[in-house]
Amino acid sequence: MRSVTSVLALAVIAFSAGACRASSPAGGVGGGGGAPGAAMSMAIPAEVTAANIALGDSLFNNGSCQRCHGKGGVGGRGPALNDAEWLHVPGGAYPGIVALIKSGVPKAALKDSTRNQMNPRGGPMNLTDPQVNAVAAYVYSLTHK
C-alpha cells in the first residue's frame, strides 16, 4: 500500500506535469474537454491534506468502512473504491463523497442491487463532520493520484 506521502507526492508531480484530468461538467473528474495536447488541471480540494488522509485511512481501515469496502477500498460486500468506477458520486468529486458518507445509501437507492446498503456516517462509528471529511479525503486519495 502506498504511504500518504507517496500519494500526495504523485498528485503534486502529476499536477505539475499537467497530467491531471480535467473537471467534468458534473464537478467530478473526467476526460476530454480541451484540445489534444492541451494541459489539463484539477485543483486538489483544500480538505485533502496529508493529515486528513492519514486520519481517514485509520478510521476507514480500522472501522466499519472496511467491513464492506475492504481494507484499502478493494471491495467486498460494498463496491471497490480504488478503481475508476464511481456508482453514486459522479467522477468521485470530494464534495459528493462527503455528502454520500453523511447520508449513506439506502437499499432502494443502490445502483447495484447485489450490494448492501450503506449506513450514514459509518453506521455504528457515527462519524463527526471532521471525521467524515477525513474519510472522504482518504477515499478521494484512492483514485485521484
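Reader: Before we start, what do buried, exposed and partly exposed stand for here?

Author: Buried means under 20% relative accessible area, exposed means over 50%, and partly exposed lies in between, with a 1.4 Å probe and protein chains only. The model is predicted: local features need pLDDT of at least 70, side-chain atom pairs count only at pLDDT 80 or more, and totals for chains, interfaces and linings use all residues. Residues are numbered from 1 along each chain as its sequence is written, and side-chain values use heavy atoms, leaving out hydrogens and water.

Reader: How many disulfides does the structure hold?

Author: The structure holds zero disulfides, where a disulfide is a pair of cysteine sulfur atoms within 2.5 Å. Cys65 is in no disulfide, and the nearest cysteine sulfur, that of Cys68, is 9.0 Å away. Cys68 is likewise in no disulfide. With 21% relative accessibility, Cys68 counts as partly exposed.

Reader: Turning to H4, which of its residues are buried?

Author: In helix H4 (residues 94-103), the buried residues are Tyr94, Ile97, Val98 and Ile101. Helices are DSSP runs of H or I with at least four residues, and strands are runs of E with at least two, numbered from the N terminus.

Reader: Why do they line one face of the helix?

Author: Seen down the axis of H4, the buried residues fall within an arc of 100°, so they line one face. The arc is that of the directions from the helix axis to the C-beta atoms. In general, an α-helix has 3.6 residues a turn, so residues three or four places apart point the same way.

Reader: What covers those residues?

Author: The cover includes H5, judged by contact, meaning heavy atoms within 4.5 Å.

Reader: Where is Asn126 found?

Author: Asn126 is in the loop between H4 and H5. Asn126 is not a glycine, yet has a positive phi of about 45°. With a relative accessible area of 55%, Asn126 is exposed.

Reader: And what is the phi of Arg121?

Author: Phi of Arg121 is near 55°, a positive value in a residue other than glycine. Arg121 is also found in the loop between H4 and H5.
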